[in-house]
Amino acid sequence: MPSPLARLYVGPLKHLAPPSIGPLAAPLGMPARDLLDPACLDALLTRFGARYGHGDRRAVASLWSKWHFSALAAHCLAANLLLERDLPLGLDELHLEQSPEGQTTGLALRHAGRPLADLDPCRRFATLLDGHLGPLIEALAAATSASPKVFWSNAGNYFEHFAVALADHPMAAPDVAEPARVLLASRTLPDGRRNPLYRPVHYIEGEAETPRRVRRLCCIRYLIEELGVCGNCPLACRRQARTTEAS
């Protein structure tokens with residue numbers, strides 16, 4: 001039987017496979033709650049870090065989180081914004097499909113989600129923020145001594161990326177990304193907490209036809225020497241600005 005979410009995976013999402021759905025799919029993956037077990041998380045980061053010569057653990061964890069958050073944001077936003085469905089993405093409900101290196105490659109869901117209980121832009125993503133990102137980022141920061149802001153910045157980067165990309169989806173309404181934009185522009189959440197996804201990227205006008213997309217915070221991948229900075233790095237942007245001013 002085809003996945004009830006399969007119609008989402010066209011256009012800007014055509015490179016993604018729909019999540020596995022149902023009780024038989026979950027045992028095939030790693031329980032997401034295992035990410036909160038320090039021993040399991042340490043073993044996962046060690047396995048993933050082998051491809052980088054077991055370099056700086058903070059950078060390894062950041063790189064792992066970028067793959068993970070990319071998959072998470074793509075599936076969450078597609079269902080949330082296009083179908084107004086809340087996927088079961090809480091760490092206690094979700095299983096992860098992984099590569100041999102430990103990279104998150106897909107999701108195994110218990111069910112295909114439920115209608116959103118609240119359409120408020122700052123509440124409709126509560127499962128993602130409080131049920132998954134919050135506790136996982138706390139665990140990653142504790143395991144590596146990296147700042148939680150690094151991981152929240154990674155999550156926000158992909159959240160913004162897929163919100164923008166969904167504007168080109170054949171199912172998209174003209175204002176499809178508006179709830180995501182409102183969340184990203186809000187300094188605080190409805191309960192008064194600081195919004196950790198606040199303005200993760202900005203756009204800089206320049207000589208190019210399209211503005212340059214720049215992250216607000218660096219993902220620290222440069223701590224692994226052979227990688228350097230990414231294409232959206234604020235450090236590279238500052239260096240380029242200084243070079244231009246000096247010339």
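Leu-72 is found in helix 2, where helices (H or I, at least four residues) and strands (E, at least two) are DSSP runs numbered from the N terminus. The model is predicted: local features need pLDDT of at least 70, side-chain atom pairs count only at pLDDT 80 or more, and totals for chains, interfaces and linings use all residues. Residues are numbered from 1 along each chain as its sequence is written, and side-chain values use heavy atoms, with hydrogens and water left out.

Leu-72 has a relative accessible area of 1% and is therefore buried (under 20% relative accessible area; exposed is over 50%, partly exposed in between, with a 1.4 Å probe and protein chains only). Leaving aside residues up to four places away in sequence, Leu-72 touches Leu-89, Leu-94, Leu-107, Leu-128, His-132 and Leu-133, contact being heavy atoms within 4.5 Å. His-111 lies 39 residues from Leu-72 along the chain, and their C-alpha atoms are separated by 15 Å.

Helix 2 as a whole is mostly covered, with 24 of its 27 residues buried. From first C-alpha to last, helix 2 reaches 38 Å, close to the 39 Å expected at 1.5 Å a residue; the expected span is 1.5 Å times one less than the number of residues. Glu-84 follows helix 2 and has a positive phi, near 55°.

Helix 2 (residues 57-83) lies across strand 4 (95-98) and strand 5, at about 40° to strand 5. Axes here are lines fitted to C-alpha atoms, for helices over the stretch in contact, and angles run from 0 to 180 degrees between N-to-C directions.

Strands of a sheet pair through backbone hydrogen bonds, either parallel or antiparallel. In this model, 4 strands form an open sheet in the order 1-5-4-2, with mixed pairing; two strands pair if DSSP finds at least two bridges between them. Strand 1 (20-21) and strand 2 (30-31) are the edge strands, each pairing on one side only. Strand 1 pairs with strand 5 (residues 104-109) in the parallel sense over 2 bridges, and Ser-20 stands opposite Ala-108 in strand 5.

The largest pocket has a volume of about 360 Å³. Of its 22 lining residues, the closest to its centre are Leu-16, Trp-67, Ser-70, Ala-71 and Thr-104. Helix 2, strand 5 and helix 4 (148-165) are the elements that give two or more residues to this lining, and helix 2 gives the most, with 7 residues. A pocket is an open set of points on a 1 Å grid over the protein atoms alone where a 1.4 Å probe fits, with protein on both sides within 12 Å along at least five of seven lines; lining residues have an atom within 4 Å of a point. Grid points are joined across faces, edges and corners, and a volume is the space filled by probe spheres set on the points.
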